[in-house]
Amino acid sequence: MQAEEAAASDPEPAGSSTTSESKELVPRRGFTSLVWRWFGFEKNDVVQNNVICKICRKSVTVKQSSTTNLIHHLRYNHSKEYEAFEKLRDSQRKISTGRLKPQCAQQTLAESFSKRVPYERKSKRWQDVTNAVTKFIAREMLPMRLVESESFTELVNVLEPRYTVPSRKYFSGTALPTLYDDTRKAVEKEVHSLTHFATTTDLWSSRTSEPYLSLTIHFIDESWRLRSYCLQTSYFPECHTGEIIALGLKDALASWSLKEEAMVCMTTDSGANVVSALRINNWKRLPCFGHRLHIAIERSMRDTKIDRAIGVCKKVVGAFSNSWNLKKALADAQTQMKLPEHKLITESPTRWASRQRMIERFVEQEKAIRHVLGGDIKRRQLIPSWQDIDVLESVSKALSPLLEFTDALSGEQVVTISYMKPVLSLFNSEVLAEKSDDTQLTKQIKESILGYLNTKYRDDNVDDLLSVASTLDPRFKNRYNDDDQMIMSTISSELMAMTTQEESSEGAIAEGGAKGDDDTYEPAKKTKKSFGSYFKKSVKEERESQANVIEKEIKSYLLIPEVDSDVKALEWFSYDAALKLQQANTAFKENGTLLSPDPKLKSSILDGLAEEIVKYKAYPRDSDFDEVAKDLLRKPFGGHDTDMDKASTTLRYRKFKGTMIMLGTREMRVIVNSGRLCNSMQVSF
C-alpha cells in the first residue's frame with residue numbers, strides 16, 4: 001500500500017525528460033480529491049485553468065471543481081493508475097466510515113424548539129440539577145451570591161441551556177434547608193440504634209467573635225468502617241461555665257436521641273470549664289493527644305535563650321515575607337550556594353508544628369539569609385548570632401521527630417486511640433530518649449515533654465481505657481500492658497455485660513410479642529413438660545458457660561500472632577475467618593474436635609483460595625480449580641464427587657469476585673470436608 005501511495009505521488013515515468021521549467025507541473029491549490037495526484041498545471045498558468053495529465057501530458061477539460069473528467073481520463077487511458085486511485089479511494093472511505101458517525105435524520109421543527117424550551121420547575125431534570133448545585137454550595141461552603149453571578153450563569157448555560165438558575169433567596173430559604181432536613185434524617189436513622197459511640201466537642205469562635213459549641217460523633221458501623229459526623233456547631237452565647245456547658249452537651253445528645261450510657265468517652269481539650277462539664281455529667285473524658293502534646297511543647301519552650309532565638313527567627317522571616325527584593329535576593333543566593341530553593345515559613349501561634357517547620361527552614365537557609373542580610377545596611381542588625389543558631393538547632397533536633405507522630409495521629413479514617421500507649425512507650429524508649437550527641441538544651445526539652453505527658457496520662461481511668469484499646473488492637477495486644485490480668489478481667493466483664501444486655505433485649509421483645517393487638521396480656525398456654533427439658537441448663541449454669549466461652553475467646557485471640565503494624569485494625573476484625581480457623585485448629589490439637597463451619601466461613605475460605613490461585617496463575621484453567629477442589633475434599637476423609645464439582649464451580653466463580661479484603665497473611669493448615677475442618681491443607685488469608 002505504501003509503494004502504491006509513493007507511485008501515486010510521483011506518477012511520471014522515470015525515463016521521461018520533463019525536468020525543464022516549462023514542462024514541470026505544479027499541483028492544484030487546495031485540492032482534496034485523490035485524483036489530483038495525477039494532474040497538475042504549468043508554472044506559468046497562474047489561474048490554473050488548463051489541467052494537464054502528468055502521465056501523457058495531454059490537456060483535460062474540467063468544469064469548475066468537478067473531477068469526473070479526470071477520473072474518466074485515468075479509467076480509459078491509464079488503467080494501472082486508475083486501479084491505484086481506486087484502492088486509495090477505498091481505503092480512504094473505510095477510514096472515514098470508522099471515524100465519522102453516520103448522519104442522523106433531520107430533526108423536526110418540534111424537536112428543534114424543545115431543545116431551547118426551559119425546564120419546568122416540577123420536572124425531574126430541573127430538580128436534579130438544582131439539588132446538585134445545592135450540594136455543591138453546601139459541601140464547598142460557597143456564598144449564596146454565587147448563583148446570581150454572571151460567570152456562574154454562563155457556565156450553567158453552556159452545560160445545560162434549558163436550566164434556569166433559581167434566585168439566591170430560593171437556595172437560602174428552600175433548597176439548603178431541605179437538604180439539611182434530608183441529611184439530618186439520614187444521619188439520625190444511622191446513629192439512632194448505636195450501642196456504642198464516642199464523641200468530640202470543642203468551643204469555637206467565628207471571625208466576628210461569636211461563640212459556638214460543636215459536637216462530633218465517631219462510631220464503627222456494621223461493615224467495620226470508622227464513621228464520623230459533625231452533628232452540630234450551634235450558637236452558644238451563654239456564659240461558658242462548667243454547669244452551662246454540661247447542660248449544653250446534654251441537650252446536644254438529647255436532640256439526636258443519643259443515649260448517654262452508650263457513649264464510651266468524649267474527647268476534649270484541656271480547658272478547665274470543659275473538664276468541669278464532663279465531671280458534672282459523670283462522663284468519661286479522653287484528653288486530646290494533639291492538644292496535650294502542644295501544651296507539653298509550649299511548656300518546654302519556657303526559656304530565655306529559646307525566647308530570644310525564636311524572636312530573632314520571627315523577625316527575619318517577617319522581613320523576608322514583606323519585601324519582594326529580599327525574596328528575590330534570597331532566591332539568587334540559594335542558586336549561587338546550591339541550596340534548596342525553598343521559601344521561609346511563617347509561624348502560626350496555635351500550631352507548634354508550624355513553629356518547628358519555621359525553625360527547620362531557617363536553619364536550612366542560614367547561609368543564604370546571612371548573605372542577603374549582610375548586603376543590606378538597613379537590615380544587617382537582623383543577622384542571627386551563632387548562639388541563636390545553636391539554640392535553634394537544639395530545639396529543632398528535639399522536636400523534629402514529633403512532627404511525624406502528630407500527622408499520623410490526626411487521621412480521621414483511622415482508629416488512633418489504640419496507638420496511644422504504644423506511642424507513649426515509643427516516646428520514652430526511642431523518640432525522646434537522651435542520645436549521646438544531644439546538647440544540654442535538647443535534653444532539657446525532651447525531659448520536660450516526657451515528664452508532662454507521663455504525668456497527664458497516668459490517670460487510672462484514662463490508662464485503663466488506653467490499655468483496653470491497645471489490647472483489642474491485633475497489632476499490639478497486651479504488649480504495652482502493666483497488669484495483664486486486670487485488663488483481661490475488664491474486657492471479660494464488659495463482654496459479659498454486653499451479652500446480658502442483648503439477652504435482656506431479646507427477652508423484652510419476646511415478652512412484648514405475647515400481647516395481642518389490643519395490648520391486653522394473653523397468658524401463655526400451659527404445655528406438657530417434655531422429657532428433654534429436665535436436662536436443660538439452669539440460668540446460672542448458662543452464665544458460667546458463657547463466661548467460659550468468653551475466656552476461651554480472649555485466649556484464642558491472644559494466641560494469634562500479632563499482625564503487621566501497617567494492617568488496619570478495623571479491617572482485620574471485619575474479616576474474622578482467620579480467628580475462627582485458629583480457634584478450630586487449637587481445639588483440634590487439644591481434643592481432636594472438628595469444626596462445622598457456617599456458610600459464611602465456607603465462603604471466606606473459598607474466597608481466600610480463589611485469591612491465592614489467581615496470585616500464582618493469572619488465568620487458571622478449569623483443571624486447576626478441579627485439582628484444588630480435590631485437595632479440599634479428599635477421599636480418605638469422605639469427600640464425594642458431587643462435593644468436588646460444587647467446590648470447583650464455586651472456586652471458578654470466586655475467581656471473578658475481587659472484593660475480598662486482604663488483611664495481612666495468616667497461614668494455617670485446614671481442609672473443608674463435607675462441612676468439617678481438619679489439619680490437612682495450607683490456606684492463606
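This briefing walks through one predicted protein model, from the whole chain down to single residues.

The protein chain has 25 helices and 11 strands. Helices (H or I, at least four residues) and strands (E, at least two) are DSSP runs, numbered from the N terminus. Of its 685 residues, 36% count as buried. Buried means under 20% relative accessible area, exposed means over 50%, and partly exposed lies in between (1.4 Å probe, protein chains only).

Residues are numbered from 1 along each chain as its sequence is written.

**Confidence and contacts**

- The mean pLDDT of the protein chain is 78. pLDDT is the predictor's confidence in each residue, from 0 to 100. A value of 70 or more is reached by 73% of the residues.
- Residues 1-10 have pLDDT below 50. Beyond near neighbours in sequence, this stretch has nine contacts in the model. Contact means heavy atoms within 4.5 Å.
- Residues 99-103 also have pLDDT below 50. Beyond near neighbours in sequence, that stretch has zero contacts in the model.
- Where pLDDT is low, the predicted coordinates should not be read in detail.
- Take the contacts in the protein chain with a separation of 6 or more: residues 24 or more positions apart account for 60% of them.

- Four strands form an open sheet in the order 1-2-3-4, with antiparallel pairing. Two strands pair if DSSP finds at least two bridges between them.
- Strand 1 (25-26) and strand 4 (59-60) stand at the edges. Each has a single partner strand, so one side of each is left without a neighbour in the sheet.
- Strand 3 and strand 4 pair in the antiparallel sense over two bridges. Isoleucine 52 stands opposite serine 59 in strand 4.
- Asparagine 44 lies in the loop between strand 2 (39-42) and strand 3 (51-53). Asparagine 44 counts as exposed because its relative accessibility is 62%.
- Asparagine 44 and leucine 25 are 19 residues apart along the chain. Their C-alpha atoms are separated by 9.6 Å.

- Five strands form an open sheet in the order 7-6-5-8-9, and the pairing is mixed.
- The edge strands are strand 7 (226-235) and strand 9 (285-287), and each pairs on one side only.
- Neighbouring strands of this sheet are turned by 25° against each other on average, direction ignored.
- Strand 5 (residues 197-205) and strand 8 (residues 263-268) run parallel, joined by three bridges. Phenylalanine 197 has methionine 263 as its bridge partner in strand 8.
- Strand 5 and strand 6 (residues 211-220) run antiparallel, joined by eight bridges. Threonine 200 stands opposite threonine 216 in strand 6.
- The hairpin of strand 5 and strand 6 has five residues between the strands. There, serine 209 takes a positive phi near 65°.
- Strand 6 and strand 7 run antiparallel, joined by nine bridges. Leucine 215 stands opposite glutamine 232 in strand 7.
- Helix 8 (residues 242-255) lies across strand 5, strand 6, strand 7 and strand 8. Helix 8 runs at about 50° to strand 6. For such angles, axes are lines fitted to C-alpha atoms, for helices over the stretch in contact, and angles run from 0 to 180 degrees between N-to-C directions.

**Nonpolar cores**

- The largest nonpolar core has 55 residues. Such a core is a set of buried Ala, Val, Leu, Ile, Met, Phe, Trp, Tyr and Cys residues joined through side-chain atoms within 4.5 Å.
- Leu402, Phe427 and Ile449 have the most contacts inside this core.
- A second, separate core of 25 residues includes Leu215, Val274, Ala277 and Leu278.
- Leaving aside neighbours within four places in sequence, the contacts of leucine 402 include Trp352, Phe427, Leu432 and Ile449.

**Helices 16 and 17**

- In helix 16 (residues 420-431), the buried residues include Met420, Leu424, Phe427 and Val431.
- Lysine 446 sits in helix 17 (residues 440-456). Lysine 446 counts as buried because its relative accessibility is 4%.
- Not counting residues up to four places away in sequence, lysine 446 touches Ala398, Val431, Leu432, Ala433, Lys435 and Asp438.

Key:
This is a predicted model: local features need pLDDT of at least 70, side-chain atom pairs count only at pLDDT 80 or more; totals for chains, interfaces and linings use all residues. Side-chain values use heavy atoms; hydrogens and water are left out. The expected span of a helix is 1.5 Å times one less than its number of residues.
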